[in-house]
Amino acid sequence: MKMDNTLLEDVNAQINREFYAAYLYFAMATYFAEINMEGFAKLTKNHAKEELNHAKKLYDYLILRNEKVNLFQIEAPDTGWTNPTDAIQSALDHERFVTGHIHKLYKDAKEKNDFALEVFMQWYVSEQVEEEHLFQSMLDKMNYVQDCSCEIVNIDRELKIQSEYVE
Ligand code: FEO
């Protein structure tokens with residue numbers, strides 16, 4: 001079944017958003033590396049790779065449906081973070097923004113009776129729950145210790161150990 005044109009445009013726009021997310025997390029990894037927060041740098045770099053995979057899954061899906069993939073220009077991320085908490089807050093804000101688009105795509109697929117796309121998008125709906133949880137729980141810990149830099153360094157050390165298992 002051919003995909004509705006509006007749905008196709010939305011999936012292509014989501015591919016671009018996922019590439020942008022990868023760009024954002026690579027930029028964040030750079031910021032953390034520059035301030036020698038190795039754990040946060042590893043976590044955000046690993047996350048950038050996950051975002052590339054999110055883009056690739058959508059790309060492969062359009063190919064499978066014999067639909068046209070459009071690769072648009074990727075916007076440069078805003079990188080004016082003033083401290084680690086500020087950067088993680090912007091990661092959470094970004095994930096909430098993405099969740100909104102994923103939910104819209106899921107709803108539109110359902111309303112346009114594209115059951116195949118609806119089922120495919122379920123994976124993204126679940127994934128966004130995990131993504132928001134990851135950054136929300138980290139932000140809660142960081143807000144809890146507030147500006148205590150030695151505690152932020154401890155969180156960074158923990159993240160470094162955890163990220164080594166992911167690589
Ligand atoms: Fe692909 Fe973090 O959403």
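**Notes on a predicted helical model**

1. Residues are numbered from 1 along each chain as its sequence is written, and side-chain values use heavy atoms, with hydrogens and water left out.

2. Is Gln14 buried or exposed? Gln14 sits in helix 1 and is buried, because its relative accessibility is 0%. (Buried means under 20% relative accessible area, exposed over 50%, partly exposed in between, with a 1.4 Å probe and protein chains only; helices are DSSP runs of H or I with at least four residues, numbered from the N terminus.) Leaving aside residues up to four places away in sequence, Gln14 touches Leu58, Val98, His101, Ile102 and Leu105, where contact means heavy atoms within 4.5 Å.

3. Now for two asparagines in loops. Asn36 lies between helix 1 (5-34) and helix 2 (38-64), and its phi is near 60°, positive although the residue is not glycine. Most residues other than glycine have a negative phi. Asn36 counts as exposed because its relative accessibility is 67%.

4. The other one is Asn113, in the loop between helix 3 (84-111) and helix 4 (115-145). Asn113 also has a positive phi, about 60°, and it comes just after helix 3. At 45% relative accessibility, Asn113 is partly exposed.

5. How many residues does helix 3 have? It has 28, and it reaches 41 Å from its first C-alpha to its last, close to the 40 Å expected at 1.5 Å a residue. (The expected span is 1.5 Å times one less than the number of residues.) At the start of helix 3, look for Asn83: one of its side-chain oxygens comes to within 3.1 Å of the backbone nitrogen of Thr85.

6. Last, have a look at Tyr59 in helix 2, which is partly exposed at a relative accessible area of 35%.

Key. Predicted model: local features only at pLDDT ≥ 70, side-chain atom pairs only at ≥ 80, totals over all residues. Polar contact = N/O pair within 3.5 Å; in protein donor to acceptor, adjacent residues only side chain to side chain.
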